[in-house]
Amino acid sequence: MTIRVLHYINQFFAGIGGEDYASTKPETRLGKVGPGILLEQALNGQGQVVVTLICGDNYASEHPQELEELARGAVDEYDVQLLVAGPGFNSGRYGMACGTVCAAVQIPSLTGLH
C-alpha cells in the first residue's frame with residue numbers, strides 16, 4: 001500500500017521567488033514540487049506526494065484560516081493520508097505556517113523545523 005502524501009512548502013521552495021514573493025496566495029499543485037522530489041525518494045516507494053500546497057510566508061501569517069481551509073480541502077479532495085510540512089529550518093513565518101497546517105488537518109502530520 002502506498003501512502004498518499006500532502007506536502008506543504010512556501011513560495012521559496014516552490015521556486016516562485018524569495019521575500020519579494022512572500023505575499024503569494026495559497027495554491028495546490030498536483031504531484032511533487034521542489035523538495036517533494038527528495039521527500040518521495042526518501043519514502044522509498046512506500047509513499048507518493050499526490051499534491052503540494054504552496055503559500056507565501058507573509059500571506060500564510062496574515063491569513064492562517066484560509067491556509068487551514070485549503071489544507072483540509074486538499075486532504076479530502078485527494079484522499080491524503082499523511083501531511084509533511086517543510087522543511088522549515090529556522091524560519092519564523094514559514095515555521096508558524098508549517099505548524100498551522102499540521103494542526104489544521106485530522107491526519108498524521110510531521111514537520112522539520114530546526
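Predicted model: local features only at pLDDT ≥ 70, side-chain atom pairs only at ≥ 80, totals over all residues.

Residues are numbered from 1 along each chain as its sequence is written, and side-chain values use heavy atoms, with hydrogens and water left out.

**Cysteines**
- The structure holds zero disulfides, a disulfide being a pair of cysteine sulfur atoms within 2.5 Å.
- For Cys 55, the nearest cysteine sulfur belongs to Cys 98 and is 11 Å away, and Cys 55 is buried (under 20% relative accessible area, with a 1.4 Å probe and protein chains only) at 1% relative accessibility.
- Cys 102 is likewise in no disulfide, with the sulfur of Cys 98 as the nearest one at 6.7 Å, and Cys 102 is buried at a relative accessible area of 16%.

**Helix H4**
- Helices (H or I, at least four residues) and strands (E, at least two) are DSSP runs, numbered from the N terminus.
- Helix H4 (residues 92-104) has 13 residues and should span 18 Å at 1.5 Å a residue, which agrees with the 18 Å between its end C-alpha atoms; the expected span is 1.5 Å times one less than the number of residues.
- Among the buried residues of H4 are Tyr 94, Cys 98 and Cys 102, and the buried residues of this helix pack against elements including strand E1 (3-10), strand E3 (47-55) and helix H3 (64-77).

**Pro 35**
- Pro 35 lies in the loop between strand E2 (27-30) and helix H1 (36-42).
- Leaving aside neighbours within four places in sequence, Pro 35 is in contact (heavy atoms within 4.5 Å) with His 7, Ile 9, Phe 13 and Pro 87.

How values were computed: Buried < 20%, exposed > 50% of the residue type's maximum accessible area, 1.4 Å probe, protein only.
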